[in-house]
Amino acid sequence: MTFLRAVRGGRRSTAVLVALLALAAAAPPPAEAAARQPRTVSLLGDPLFVAASGRGLDRLYAMDYAAARRDFAAVAARHPGHPVGPLLDALPAWWLILADPESTAQDAAFEARIERAIALADRRLDRDDDDLDGLFMKGAALAFRGRFRSLRGDWLAAAVDLKRALALVREVAKLDPSNADLAFGQGLYDYFGDVLPERYPILRPAGLFMPEADRRRGLATLERVAHDGRFAATEAAYFLLQIHMFFEEDYGESQRWAHWLRRRHPGNAVFHELEGRLYARWGRRDRARRVLGDVLARWQEGAPGYTQAQAERALYVAAVLDMRDGDYRGALPELVALERLPEPADRERPLQTLGRLRQGMALDALGRRSAAVSHYRQVLARADVDDSHRRARGLLARPFRAGEPEAEPAG
């Protein structure tokens, strides 16, 4: 399994984890400095700000983007010229990107708002280099920009952003050491700085990771943020789900964090789909079908936040599960439905390529060789996705047989 494929955990919904390679890159060890008192009053301790931004975040995670934008706009209006305004305004675009990472429709809006947040934070820091809000908002903006750049494959720029973000987070922690939200970056550094070079020895000679990183401490820190954080709790829980699902490979802990997210944010399509993929990954096929069927039904109903990307993944994973059960006839309607979903004029949808490959395999298993060959040739006429061309050529040379083992994970 390639490094990129392992981090993706099947498809791109977990590609954000790739960015955490860069988070620890060349990072200095934690500074052992006494806590300092900030010279300026921070929004982070203002109960009105906490309540207003919390309402907006709850609506954001429910994928009610219009309501979230109204709440965030009200916060920005009360604090003109503050970097919190454009930072919050970037979050709906960010979650639209997470819901469909293949789409670039939100990229320009997201980047413009993040750049504005960084510029306003720099203005505050020019006046006072210990300005808590300037440090916190700039660190958060750089972290989001780094994660975005990793999704777009700009690894070097992501590394620079995430290294700078972590340094700022540590500065903030000195000013407010009791704030659980501010420990989020340190938790990610500790976990991935310890785990990734162990998992991928090819990274060790580059000297990217520091020996001070500690996996167990990282997990404990992220749990504390999830339980006690005001702004980063959901983000911490989301990373804990991905960590336990794709790195620790712990079904029980993965399920615990999936349930935490689904209880807290039942209308979030990303969390909903990931729960279905969790069950598929561990072979809980009935549960997976039930959850993925609900994802597909909500998309068909036009539920807020449910995009064609979720529908594609639900159909594809459901078809893989049917084929694992030897139900090739049952998989075909799902794969045909996947193929019929519209594609943008300027690019191909990768899962539709893999779906055509799967259609060929199902048709081969049912003895319909000429139809299977047609689908393999369609795969070769499209862009290569996850080694699809090599697999299609192999299947053109030798038909797929019912019951043959498959290396590809269902989830």
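Let me begin with contacts. Of the contacts in the protein with a separation of 6 or more, 67% are between residues 24 or more positions apart. Keep in mind that this is a predicted model.

On secondary structure, the protein has 19 helices and 0 strands. It has 411 residues, and 57% of them are buried, where buried means under 20% relative accessible area. The accessible surface is about 17000 Å², and carbon and sulfur atoms account for 53% of that.

Rolling a probe the size of a water molecule over the atoms shows where empty space is left. Counting cavities of 30 Å³ or more gives 4. The largest cavity has a volume of about 610 Å³. It is lined by 36 residues, and those closest to its centre are F136, A140, F144, F184 and A232.

Which helices supply the lining of the largest cavity? At least two residues each come from α2 (19–23), α3 (47–61), α5 (84–99), α7 (132–151), α8 (155–175), α9 (184–199) and α11 (233–247). The largest share belongs to α7, with 8 residues.

What is the make-up of that lining, in nonpolar, polar and charged residues? The lining of the largest cavity has 30 nonpolar residues, 3 polar and 3 charged.

To recap: the protein has 19 helices and 0 strands, and the largest cavity, at about 610 Å³, takes the largest share of its lining from α7. That is all I have on this one.

How values were computed: Residues are numbered from 1 along each chain as its sequence is written. This is a predicted model: local features need pLDDT of at least 70, side-chain atom pairs count only at pLDDT 80 or more; totals for chains, interfaces and linings use all residues. Side-chain values use heavy atoms; hydrogens and water are left out. Helices (H or I, at least four residues) and strands (E, at least two) are DSSP runs, numbered from the N terminus. Buried means under 20% relative accessible area, exposed over 50%, partly exposed in between (1.4 Å probe, protein chains only). Contact means heavy atoms within 4.5 Å. Accessible areas come from the Shrake-Rupley method with a 1.4 Å probe; for residues, only the protein chains shown count as cover. On a 1 Å grid over the protein atoms alone, a cavity is a set of points where a 1.4 Å probe fits but cannot get out, and a pocket is an open set with protein on both sides within 12 Å along at least five of seven lines; lining residues have an atom within 4 Å of a point. Grid points are joined across faces, edges and corners, and a volume is the space filled by probe spheres set on the points. Ala, Val, Leu, Ile, Met, Phe, Trp, Tyr, Cys and Pro count as nonpolar, Asp, Glu, Lys and Arg as charged, and the others, Gly among them, as polar.
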